[in-house]
Amino acid sequence: MADAVAELFAEGGYEAVSIPGTAEKLSVSRATLYRTVPTKEDLLGVLFERSTREITQQIRAVIADHEDPRDQLVEMIKLHADAAIEMRSYMPLFFGGGDLPADVVARWHAWTRRYEKLWVGVVKSNIEAGYLDSGDSLIATRLILGMLLWVSRWYRPAEKITAAQIAESTIDLLGLRAGRDGARKVASRRSASR
């Protein structure tokens, strides 16, 4: 169902999402779909639930699968660049709240706090390991996420910019490409500035 709603969004934006359109995409009757999701807003809630669940599972898997905080952050950036492009047609709806039911908006806000906390932990570990310059880990996290989330606003498929290019540019901008050598350079700059 979430895939059908996402397709409708991609094809025609918010106005294209409807119970009849979703039922047609799923090859089920409207009556069947109405019993499961009675309103357009409920359809959008299904899309929200799926999107947030998937990205959270992917980020947690990256954290669990990589011991080095630099590797964690690099992989998280790659995942988030992909997600920003994939969800670009409906991401503004979540941020604006739009016509989403109040309970979905409340879950969105709760989810963003939990999701941000995952990122803050990894960013803080990168600062402590010397991969990122010292600073406030919360502010750094919000700046990194802000860069990646903004992709959903400016991305245009016709420009042929890939998610990999976006991720690589972000990684380079943060100085994460250099790995452990980069950590030594950050530590050296810190010593020199004291």
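Modeller: Let's open with T52, which is buried, at a relative accessible area of 8%. One caution: this is a predicted model, where local features need pLDDT of at least 70, side-chain atom pairs count only at pLDDT 80 or more, and totals for chains, interfaces and linings use all residues. Residues are numbered from 1 along each chain as its sequence is written, and side-chain values use heavy atoms, with hydrogens and water left out.

Colleague: Why is T52 called buried?

Modeller: Buried means under 20% relative accessible area, exposed is over 50%, and partly exposed is in between (1.4 Å probe, protein chains only). T52 has 8%, so T52 counts as buried.

Colleague: Where does T52 lie, and what does T52 touch?

Modeller: T52 lies in helix 4; helices (H or I, at least four residues) and strands (E, at least two) are DSSP runs, numbered from the N terminus. Leaving aside residues up to four places away in sequence, T52 touches W108 and W111, where contact means heavy atoms within 4.5 Å.

Colleague: What makes W111 and Y115 a stacked pair?

Modeller: Rings of Phe, Tyr and Trp (its six-membered ring) pair if their centres lie within 6.5 Å; planes under 30 degrees apart count as stacked, over 60 as edge-to-face and the rest as tilted. For W111 and Y115 the centres are 4.6 Å apart and the planes are at 20 degrees, so the pair is stacked. Both residues sit in helix 7, four residues apart, about one turn of the helix.

Colleague: How do you know whether W111 and Y115 are buried or exposed?

Modeller: W111 has 11% relative accessibility and Y115 has 4%. Both values are under 20%, so W111 and Y115 count as buried. Ring pairs also link W111, Y115 and W119 into a cluster.

Colleague: What makes a set of residues a nonpolar core?

Modeller: A nonpolar core is a set of buried Ala, Val, Leu, Ile, Met, Phe, Trp, Tyr and Cys residues joined through side-chain atoms within 4.5 Å. The largest one here has 33 residues, and L73, I77, Y115, W119 and L176 have the most contacts inside it. A second, separate core of seven residues includes V17, I19, V37 and L44.

Colleague: And why is S152 called buried?

Modeller: S152 has a relative accessible area of 8%, under the 20% limit, so S152 is buried too. Its place is in helix 8, and the side chain of S152 reaches the backbone oxygen of L149 at 2.7 Å.

Methods
A polar contact is a pair of N or O atoms within 3.5 Å; within protein, one must be able to donate a hydrogen and the other to accept it, and residues adjacent in sequence count only if both atoms are side-chain atoms.
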